[in-house]
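My notes are below, in the order I looked things up.

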Amino acid sequence: MQQLPRSTKLKKHPRGETEVGATAVAFSSFDPRLFILGTEGGFPLKCSLAAGEAALTRMPSSVPLRAPAQLTFSPHGGPIYAVSCSPFHRNLFLSAGTDGHVHLYSMLQAPPLTSLQLSLKYLFAVRWSPVRPLVFAAASGEGDVQLFDLQKSSQKPTVLIKQTQDESPVYCLEFNSQQTQLLAAGDAQGTVKVWQLSTEFTEQGPREAEDLDRLAAEVAT
């Protein structure tokens, strides 16, 4: 708690201890010690397993508690439900939450590079593609799965898949890293649907990695 800005809105425990509810976690593909934590307060935290600083707490614990936070990012308008680290760039990650927005962050600074409003309801999941550096997918509370190609548009989805006809929420999704044309999504009806993606979402463009590097460089300036 001692690492967070004093302006951060936090929940008070009945016994007086201040809490931060952890809602999502994603590890870096480049540094096994580094992870992004999503919180109920809407702010992502960059954290490290290598942290040596002791956490200030009055609650008893059978193991030493460490304070892992290294950077607090600018918050969403509500709790975060999903975070996803880029498998192609060490400094980029996505977050999504109850405000219906996806934020693209650099790990080098607090404000997001861009914020996309994808839903008037909650967003429950966001995932980077394992094969396309500029492609990600998001699952919404309005029953759809949205596929984004940032090489084509930074504001509008390239494809919108209607998962549920009654607009009940889509809660989770995952790309298949082995059969890269497959994307699975699970919804409130208890159904998992497996979608087959076209080659535009599975074949990397000739300058796509360079475009991602350029995007990350813009964040850092």
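**Ground rules**

I am working from a predicted model, so local features need pLDDT of at least 70, side-chain atom pairs count only at pLDDT 80 or more, and totals for chains, interfaces and linings use all residues. Residues are numbered from 1 along each chain as its sequence is written, and side-chain values use heavy atoms, with hydrogens and water left out.

**Whole chain**

I looked up the secondary structure and found one helix and 17 strands. Helices (H or I, at least four residues) and strands (E, at least two) are DSSP runs, numbered from the N terminus.

Next I checked burial: 47% of the 221 residues count as buried. Buried is under 20% relative accessible area, exposed is over 50%, and partly exposed is in between (1.4 Å probe, protein chains only).

The accessible surface comes to about 11200 Å², and carbon and sulfur atoms hold 52% of it. That area is from the Shrake-Rupley method with a 1.4 Å probe; for residues, only the protein chains shown count as cover.

I also looked at contacts (heavy atoms within 4.5 Å). Of those with a separation of 6 or more, 47% join residues 24 or more positions apart.

I followed an open sheet of four strands, ordered S3-S4-S5-S6, with antiparallel pairing. Its edges are S3 (22-27) and S6 (69-72), each of which pairs on one side only. From one strand to the next the twist averages 25°; axes here are lines fitted to C-alpha atoms, for helices over the stretch in contact, with angles from 0 to 180 degrees between N-to-C directions.

Inside the sheet, S4 (residues 34-39) and S5 (residues 45-48) pair antiparallel over four bridges. Two strands pair if DSSP finds at least two bridges between them. I picked out Phe-35, whose bridge partner in S5 is Cys-47.

**Salt bridges**

My rule was a side-chain nitrogen of Lys or Arg within 4 Å of a carboxyl oxygen of Asp or Glu. That gives six salt bridges.

Arg-33 meets Asp-31 at 3.2 Å, N to O. Arg-33 is partly exposed at 47% relative accessibility, whereas Asp-31 is buried at 17%.

Asp-149 and Arg-132 bring their closest N and O atoms to 2.9 Å. This pair links distant parts of the chain, 17 residues apart: Asp-149 is in strand S13 (residues 144-149), and Arg-132 is in the loop between S11 (123-128) and S12 (135-140). Both residues of the Asp-149 and Arg-132 pair are buried. I then found Glu-208 linked with Arg-132 and Asp-149 in a network of salt bridges.

Arg-214 and Asp-211 also form a salt bridge, with 2.6 Å between the closest N and O atoms. They sit three residues apart in helix H1 (residues 208-220), so about one helical turn separates them. Arg-214 is partly exposed, at 40%.

**Rings**

I counted ten aromatic pairs. Rings of Phe, Tyr and Trp (its six-membered ring) pair if their centres lie within 6.5 Å; planes under 30 degrees apart are stacked, over 60 edge-to-face, and the rest tilted.

Phe-93 and Tyr-105 are stacked because their ring centres are 5.0 Å apart and their planes at 15°. They link distant parts of the chain, twelve residues apart, with Phe-93 in S8 (residues 92-97) and Tyr-105 in S9 (residues 101-106). Phe-93 is buried at 0% relative accessible area, and Tyr-105 is buried at 0% too.

Last, I noted a cluster in which ring pairs link Tyr-81, Tyr-122, Phe-124 and Tyr-171.
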